[in-house]
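Grab a pencil and work through these exercises with the structure open. Try each task on your own before you read its solution.

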Amino acid sequence: MSITLPVFGAGVGYLIKTNIEKKKALTNEVTKERREIYQQYVNLMIGFFDHTKVKRKDSDSKMISELFDFYKKYVLYASPSVIKSFSDYFQFLYKNNGEENFDSKKNLNYMTKIMLEMRKDLGLKNKGLGKNGEMLMRALLTDYDELTK
């Protein structure tokens with residue numbers, strides 16, 4: 001009995017340690033994948049602002065197409081809060097498609113909320129970036145202060 005108990009304890013300890021290491025490896029791989037996919041979204045949004053500054057007409061349809069491509073990839077790796085924010089943004093786009101009085105402030109809020117949730121998902125701090133992360137896009141908008149009033 002005195003020999004069996006330590007051997008059994010060592011076996012259980014080994015199994016627990018192996019299980020923890022497997023979960024940690026999977027979490028690291030998922031985090032790596034998330035970073036790559038989230039970077040694609042950030043590149044897409046910054047590219048969108050670049051296109052609108054040079055007034056390219058194909059930028060809206062191209063952006064929607066690229067957002068759908070992004071959706072195909074992120075749906076497996078993104079956290080539930082990122083998926084919800086992205087879904088909210090698409091619902092906003094669907095409801096306001098082609099409207100003359102497009103609410104740019106709401107559009108900005110939805111876009112930056114996704115980025116804020118992505119940062120939170122990666123473990124980054126968001127203090128001082130605004131309720132929906134509006135400050136993330138401040139450097140890209142010449143009329144930021146007007147838009148966010």
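**Exercise 1.** At what angle do helix α3 and helix α4 pack, and how far apart are their axes?

*Solution.* Keep in mind that this is a predicted model.
- Step 1: find the two helices; α3 covers residues 80–95 and α4 covers residues 104–121.
- Step 2: compare their axes, which lie 8 Å apart at an angle of about 170°.
- Step 3: angles over 145 degrees count as roughly antiparallel, so α3 is roughly antiparallel to α4.
- Step 4: check the handedness; α3 passes α4 in a left-handed crossing.

**Exercise 2.** Work out which residues make the contact between α3 and α4.

*Solution.* 
- Step 1: go along α3, where the contact residues include Ser81, Phe86, Tyr89 and Leu93.
- Step 2: do likewise for α4, whose contact residues include Lys106, Tyr110, Ile114 and Asp121.
- Step 3: sort the contact of α3 with α4 by class, and you get nine nonpolar, three polar and five charged residues.

**Exercise 3.** Now zoom out and describe the protein chain as a whole.

*Solution.* 
- Step 1: count the elements; the chain has five helices and zero strands, giving the pattern α-α-α-α-α along the sequence.
- Step 2: look at burial; of the 149 residues, 29% are buried.
- Step 3: take the contacts with a separation of 6 or more; residues 24 or more positions apart account for 53% of them.

Notes: Residues numbered from 1 in each chain as written. Predicted model: local features only at pLDDT ≥ 70, side-chain atom pairs only at ≥ 80, totals over all residues. Heavy atoms only, no water. Helix = DSSP H or I, 4+ residues; strand = E, 2+ residues; numbered from the N terminus. Buried < 20%, exposed > 50% of the residue type's maximum accessible area, 1.4 Å probe, protein only. Contact = heavy atoms within 4.5 Å. Axes fitted to C-alpha atoms, helices over the stretch in contact; angles between N-to-C directions. Parallel < 35°, antiparallel > 145°, perpendicular 65-115°, else oblique. Left-handed = near helix turned anticlockwise from the far one by under 90°. Nonpolar A, V, L, I, M, F, W, Y, C, P; charged D, E, K, R; others polar.
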